[in-house]
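Here is a short briefing to read alongside the structure. Take a moment with the view below, and then we can walk through the packing together.

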Amino acid sequence: MTLKSPRPSVKQGVRQTIALLLCLPLLHGSAIALDLKGALKDAIKAKTGVATPAETPTSPSNDTAAAPSAQDKLAAIHWKNPSQEEEIMVGRQVTGSILGAAPLVKDAGLQQYVNQVGRWVASQSERADLPWRFGVIDSSDINAFAAPGGYVLLTRGLYQRLTSEAQLAGVLGHEIAHVVQKHQLKVMQKQALLDAGSSFVKEKLGKNALTQRAVSTGAEISARNLDKSAEYEADSMGTVLAARAGYDAYGLAEVLQTLASAKPQDSQMALLFQTHPHPDDRLAQLSLMSGEQMDTVSGGKTLESRLYPLK
Ligand SMILES: [Zn+2]
C-alpha cells in the first residue's frame with residue numbers, strides 16, 4: 001500500500017516538537033549524545049547478531065512451573081515502590097498472558113530484526129539499561145502493547161501496514177515511551193494498592209492473588225486503555241526517541257496518518273479506535289506540542305528497503 005506523505009502542517013509541527021523536546025534535558029541525560037548522522041548505521045552494524053530468537057519474550061508459565069520461587073517472589077512484590085527487578089518480573093508475567101492469547105509469529109528473522117530496531121531506539125531512552133524485549137505476535141488486529149520492565153509487542157496486522165524501518169522505529173518508540181514513563185506499571189500499582197487496602201482480597205485470597213489481580217489488570221491495560229495524556233506523551237516521546245536514533249522523524253506520524261485514513265468499519269482497527277484517541281487527534285496533538293522552536297532535525301533515515309519482509 002502507498003502512503004501519503006504527512007501534510008505540511010503536521011510535518012512542520014512534528015519537526016518543531018522534536019526541536020523543542022530535543023532541547024529538554026529532562027527527558028534524557030547528557031550522557032546520550034545526539035548524533036543523527038552516522039550513528040544509526042554504526043550502531044545497527046554493531047548490534048547485528050546480538051538479539052537471538054531465544055531472547056524474545058517467552059511465556060512465563062514455563063518458568064513458574066519449573067521454579068516455584070518465582071511465584072513466591074511475585075507474591076512478595078513491594079507494590080508501593082517496586083524495584084526494577086520486580087518491575088521486570090511483573091512485565092514478564094503480563095507479557096506471558098498476552099502471548100498466551102496470541103503467540104509470536106514463527107519467523108526468527110523477523111523477531112531478531114524487530115529486536116535490533118527496538119533495542120537501538122530504546123538505547124536512546126533514559127532507561128537504556130532495561131533488558132528490552134520486542135516481538136511480533138500472530139494477530140491480524142492492528143495494535144501494539146507495552147508491559148513494565150521493557151517488554152514490547154506489536155501485531156502482525158500492524159507490522160504489515162508499515163512501509164519503512166523509520167515507521168517501525170516510531171511505533172516501537174511510542175511503546176518504549178510507555179515503559180520509560182511507567183504508564184502501565186502505575187495503573188497496576190494503583191490496582192494492587194487498592195486491593196491491599198481491601199480486607200476481602202487480603203484475607204480471603206492472600207498476597208498471591210493480589211499480584212495475580214494486578215497482573216491481569218496489567219494485561220488488560222496493556223491491551224486496552226491508558227488515559228489520553230499518556231498516549232499523547234508516548235507519541236511525542238516516541239517520536240523524539242526515533243529521531244535520536246537517526247530515523248526520519250515522521251515515521252510515527254506517517255503510521256498515524258495511515259491509520260487515520262482507514263475505514264471506521266475496518267474490523268482490524270476496532271480495538272485500536274476503542275482504546276486510543278483517534279489518530280487525527282494524536283496527529284494534531286503531536287504538532288501542537290511544538291512551541292516556537294525551529295527546525296533542527298533533518299536528514300533522518302527512512303530505510304524502506306531494510307524493513308524485513310513478512311512472508
Ligand atoms: Zn499507547
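**Around valine 121**

In this predicted model, valine 121 is in contact with Ala169, Leu172, Gly173, Ile176, Leu241, Ala242 and Ala245, once its neighbours within four places in sequence are left aside. The points below go from there to the core, a helix pair and one further helix.

**The nonpolar core**

- Val121 is also among the residues with the most contacts inside the largest nonpolar core, alongside Ala169, Leu172, Ile176 and Ala242. That core has 65 residues.
- Helix H8 (residues 165–180) gives the largest share of this core, with 9 residues.
- As background, nonpolar side chains tend to be buried together in soluble globular proteins.

**How H6 meets H8**

- Helix H6 (residues 108–122) packs against H8 at an angle of about 55°, and their axes are 9 Å apart.
- Angles from 65 to 115 degrees would count as roughly perpendicular and those under 35 as roughly parallel, and H6 and H8 are therefore oblique to each other.
- The crossing of H6 past H8 is right-handed.
- On the H6 side, the contact is made by Val117, Gly118, Val121 and Ala122; H8 brings Glu165, Leu168, Ala169, Leu172, Gly173 and Ile176.
- By type, the residues of this contact are 7 nonpolar, 2 polar and 1 charged.

**Helix H12**

- Is helix H12 (residues 251–260) mostly covered or mostly uncovered? H12 is mostly covered, as 8 of its 10 residues are buried.
- The buried residues of H12 are Gly251, Leu252, Ala253, Glu254, Val255, Leu256, Thr258 and Leu259.

Note on methods: Residues numbered from 1 in each chain as written. Predicted model: local features only at pLDDT ≥ 70, side-chain atom pairs only at ≥ 80, totals over all residues. Buried ≥ 20, exposed ≤ 12 C-beta atoms within 10 Å, placed from the backbone. Helix = DSSP H or I, 4+ residues; strand = E, 2+ residues; numbered from the N terminus. Core = buried A, V, L, I, M, F, W, Y, C linked by C-beta atoms within 7 Å. Contact = placed C-beta atoms within 7 Å. Axes fitted to C-alpha atoms, helices over the stretch in contact; angles between N-to-C directions. Parallel < 35°, antiparallel > 145°, perpendicular 65-115°, else oblique. Left-handed = near helix turned anticlockwise from the far one by under 90°. Nonpolar A, V, L, I, M, F, W, Y, C, P; charged D, E, K, R; others polar.
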